[in-house]
Amino acid sequence: MALQVANSPFNEEQVKQINELLAGVTDYQKVWLTGYLSAAQAVVQQGEAVAVAVKAEPQAATILYGSQTGNAQSVAEKLAAKLHEAGVDVTISSMSAFKTNALKKLTNLFIVTSTHGEGEPPDNAIQLHEFLYGKRAPKLEHVKFSVLALGDSSYEFFCKTGIDFDEQLEKLGAQRIVPRVDCDLDYDELVEGWSNEVTAALTALAGTSESAQQEAAVPGTAVESNYSKKNPFYAEVLANFNLNARGSNKETRHVELSLEGSGLTYEPGDSLGIFPQNAPELVEQLLAALGFDASEEVLVQEERIALGEALVSKLEITVLSKPLLQKIAAYTANEEFQALVTSGEAWKYFVYGRDLVDVVEKFGPFTWTAQQFVELLRKIPVRLYSIASSQLANEEEVHVTIGKVSYEQDGRVRGGVCSTQVAERLEEGDRVPVYVHKNPNFKLPQNPDTPILMIGAGTGIAPFRSFVEERAERGDAGKAWLFFGDQHFVTDFLYQTEWQRWLQDGSLTEMSVAFSRDTEHKVYVQHRLKENAQQVYEWLEQGAVIYVCGDEKTLAVSVDEALQTIVEQVGGKTQQEAQEFIRNLRAEQRYQRDVY
């Protein structure tokens, strides 16, 4: 809409200026201006203009988060604090704790959600996601909303859960007050921008300026520590050894790090973020294929740095995603590469197990400069590892359990970025940048008498070591049952002597193990669950909390199926009733998963 000179109180030049301004602002900025102008009335007193602020009733906002590892929850809590300071009446809730019939009563709704697995909602978002796509979802024409989606662009279904919520809310009639923002792993700036837009939009609707703030904080919001993802602590390596015995085809590192002087605190269930580096020999191979000089300076993240150093410590070179391949396509006329990027599913088969060296060697030459090349790449993502220790028992230490990833592809040995660094290049006395990543969705029950069922395989054992160590240190009376699986009893029974000690002193009540390669027919933890179906169901009836840690595509799916079978057969329920039973366990936080 453009302002016309006719019948307006503005002259031609003013009308031109207003129309130029309106052409460059977003819808929410227009809303803000409307609220601002209606809230400020100019009156003339003794020849001077005095602005009188007319305050409307404060806006109400509901923030719902879907979070698997705690990132989305942390972002939601920070938004809640920001809106509260701006005078907004804020309600914040996990999606699983939110009563869906309350949707009809909302006026402003803000969704913060991650995407799990292959485009699936996080566990605590499943119920609301299903409801909004179901027949009982209400019309929401009265609701204004915005969505912040967290994801990882190396996955095909990048930010899909956030996209789902955004599209479905619009289909139900809700009005988008701020456009959806899709965030990759390095999301701080995008989150801040979105939060500022949301705050400005709500402030405008309330008819108040952003300067009308309250100093009170929202109860329960996260408190920043001195060291964080933005400011990691350089922790000294106290110990780094292989947990697997000689003859194993696995290498699982137990790493102990000093937190002395950091002030960092953690709880069982939290993760440790480690900032890894690429293997120097891989960087040398990439530079040789590119034909670039390692000492050439490039600008990376507003810092001038040698290209070789940037590729070692700053930029991701081991993961190929479709967005990256599409960017690379602009620098080559290679027909085979262009076909790879544009022909449906072909790119998926090529990128599996491969890295940038493969692209450059197979499809080169490319027309890019060193600067153009580094601008295609994203930061090396932080690696999160479940903490394997209790801080009550290890006051100034943190322990992690890391399985080395190593495989051969096209005649070249490849490895996981962080796990290879830890296994091959990290020695006692070295320092590594770390921070504590809080995970409120994977926590011991508050009642120390509550029974717990812990199910994990391989490195999925890590958080359960911290759980049992914590309970042993506190002297908790609650029963604890561990289901653990790996390949061989002799070589792969991780932390065996510790489990035996805790079984003897009662900190661990029962332990069921499954070593898949020791029997003619492979046996996994889900089989042990079914073998103990009657007792497992009895524990559930006694209020036990179930924890699952490990591979999302195999372990988590198999365990979920086993639990539903147990509930059906022992509990005498139909398939639908069993599914509802499991769904209620999730909603009550009695079924928690840390899967990857």
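A salt bridge is a side-chain nitrogen of Lys or Arg within 4 Å of a carboxyl oxygen of Asp or Glu. The model is predicted, so local features need pLDDT of at least 70 and side-chain atom pairs pLDDT 80 or more, while totals for chains, interfaces and linings use all residues. Residues are numbered from 1 along each chain, and side-chain values use heavy atoms, without hydrogens and water.

**Exercise 1.** Which parts of the chain does the salt bridge between E251 and K404 link?

Solution. 
- Step 1: The closest N and O atoms of E251 and K404 are 4.0 Å apart.
- Step 2: E251 is in the loop between β9 (233-242) and β10 (252-258), and K404 in the loop between β15 (397-403) and β16 (406-409).
- Step 3: The two are 153 residues apart, so the pair links distant parts of the chain.

**Exercise 2.** Which residues of α7 are buried, and which exposed residues sit on the face turned away from them?

Solution. 
- Step 1: In helix α7 (residues 280-290), L282, V283, L286, L287 and L290 are buried.
- Step 2: They lie on the same side of α7 because they cover an arc of only 135° around the axis (taken from the directions to the C-beta atoms).
- Step 3: The face turned away carries the exposed E284 and A288.

Technical notes
Buried means under 20% relative accessible area, exposed over 50%, partly exposed in between (1.4 Å probe, protein chains only). Helices (H or I, at least four residues) and strands (E, at least two) are DSSP runs, numbered from the N terminus.
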